[in-house]
Amino acid sequence: MALEIIAQVRVDGEVPIERVICHPRLPLVAGWDSERPAVRVWDYTDGNLRERGIVGGSTPVYGEADGWERYERTPAAAWHPREPLLVVAVEGEVAQWTADGVSALAGAPPSAAYHSLAFSPDGRTLWASPAAAGGDDAWESSDVLDLVSGTVGKGPQWDTGVAVHPGGGLVVALRSDQGATYAAFARVDGEAVPAEMRLLRRTLILDVDGYETPTFSADGRHFAIRGNAYGNTLEVFTFPSLERIVGATLGPPTPDYPYPDEWLEQMRAWSRHNVAFGTRPGVLWVGTPAGVLVEFDVRDERAVEHDDLAGSPITALAAAATGELVVADGGGDLRVVSVPAGPAEDRNAVREAAQALVEAFVNETAEVPDDADWEKYAVRTDGARIWHPDDLETVTDAADGDPSWLQIRAAVNSAIANRDAPS
């Protein structure tokens, strides 16, 4: 079945958009400008993509900035879950876009160098990382902005995005380290203001770092994670079991270090924001450097290629609230694309089923006590095996194919055991 382009616009100056996020309910799209630290906003209410504003439009261009320098200047943004409101952190300021224009966000700390933003499910709290007043320890905690009172409180450590489960009441965010990354799940009390993340013991552990924000399927039964810093990995997990059912590398496999220049070039050709779940259960869409959209059924690992947009590399991909995909490419085009839809489903039944998944997950774990060392309580899984806290205190053996974090832990434990052994 051919894909249908519903709306299309050429970005002013033919600037490629390198990431897009869609409003969860409204026909609104935010896109990251690839030339400068700025986020543009479009709507397609009347079937046409129309630019409605830009946050950071006068910031200096990135120029030669690359790596960490580029990361430090890249904006963070989040849509309000219901209202036509986008919050953007850019160049030390926190601003908000509405239909009335761009203004400062009331109550935001001055010179807040936020790299990730997310609204609580009820929209009354803004979560932001790293903590604005944290100094050298900024990444050890986050800020909780009460948008009702304008106050700022302290939140748990997280550093990469917050994904809200479609069933509500549960979020997942990444806690990254060079050796390993945790996908930390947290219960959210819908009655509390400000909304707090109540960290849970059950967690997913990923090898190394450099992953993107997880993305849930519309029915809440699957979630995907793109990464990492050392390869174009794509992993898909079932929920609430956290079983890994897909572990793939996009493009050529990672060679031995030092990486050859041609491999680095191919790696950079793949967008880090090129996956989105469609409305059909289990179907993940993947954008490629050739401009091809791959329709991938994660349950049976069956892939269908759609070359309707082939040509320019796909630089960003996201699922729209209305069921279409929003696709950006290297030529500066932004499109709203209709994709094959599944059978009609009762929305209330889908929502209730997603809520049951969340309830099942929460009932199988427990909250981490306040002010406790979360890692000492975490029950880890990599999607295949489970490690309780005490397990990692004693492990001394790891195979070459095991995650690097497990090999390192085993080597450290073995060295300690040998040191302490009687001579």
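In helix H6, Trp405, Leu406, Ala410 and Asn413 are buried, where buried means under 20% relative accessible area, exposed over 50% and partly exposed in between (1.4 Å probe, protein chains only). Seen down the axis of H6, these buried residues fall within an arc of 130°, so they line one face of the helix; the arc is that of the directions from the helix axis to the C-beta atoms. The face of H6 turned away from the buried side carries the exposed residues Asn418 and Arg419. An α-helix has 3.6 residues a turn, so residues three or four places apart point the same way.

The model is predicted: local features need pLDDT of at least 70 and side-chain atom pairs count only at pLDDT 80 or more, whereas totals for chains, interfaces and linings use all residues. Residues are numbered from 1 along each chain as its sequence is written, and side-chain values use heavy atoms, with hydrogens and water left out. Helices (H or I, at least four residues) and strands (E, at least two) are DSSP runs, numbered from the N terminus.

H6 has 17 residues and reaches 24 Å from its first C-alpha to its last, close to the 24 Å expected at 1.5 Å a residue; the expected span is 1.5 Å times one less than the number of residues. The cover over the buried residues of H6 includes E16, E17, strand E30 (386–387) and helix H5 (391–394).

The largest nonpolar core has 25 residues, and those with the most contacts inside it are Trp127, Val162, Val171, Met197, Trp374 and Trp405. Such a core is a set of buried Ala, Val, Leu, Ile, Met, Phe, Trp, Tyr and Cys residues joined through side-chain atoms within 4.5 Å. Two or more residues come from each of strand E15 (170–176), strand E16 (180–188), strand E17 (197–207) and helix H6 (404–420). E16 gives the most to this core, with five residues. A second, separate core of 20 residues includes Leu206, Phe216, Ile225 and Phe237.

Leaving aside neighbours within four places in sequence, Val162 is in contact (heavy atoms within 4.5 Å) with Ala118, Trp127, Val171, Val172, Ala173, Met197 and Thr213. Threonine 160 lies in strand E14 (residues 160–164) and is buried, with a relative accessible area of 15%. A polar contact of 2.6 Å joins the side chains of threonine 160 and aspartate 159. A polar contact is a pair of N or O atoms within 3.5 Å; within protein, one must be able to donate a hydrogen and the other to accept it, and residues adjacent in sequence count only if both atoms are side-chain atoms.

Histidine 165 is placed in the loop between E14 and E15 and counts as buried, at 2% relative accessibility. A polar atom of its side chain lies 2.8 Å from the backbone nitrogen of glycine 167.

The structure holds 13 aromatic pairs. Rings of Phe, Tyr and Trp (its six-membered ring) pair if their centres lie within 6.5 Å; planes under 30 degrees apart count as stacked, over 60 as edge-to-face and the rest as tilted. The rings of tyrosine 257 and tyrosine 259 have their centres 5.3 Å apart and their planes at 90°, so this pair is edge-to-face. Tryptophan 387 and tryptophan 405 also form an edge-to-face pair, at 5.0 Å centre to centre and 80° between the planes. Tryptophan 387 lies in strand E30 and tryptophan 405 in helix H6, so the pair ties together parts that are 18 residues apart in sequence.
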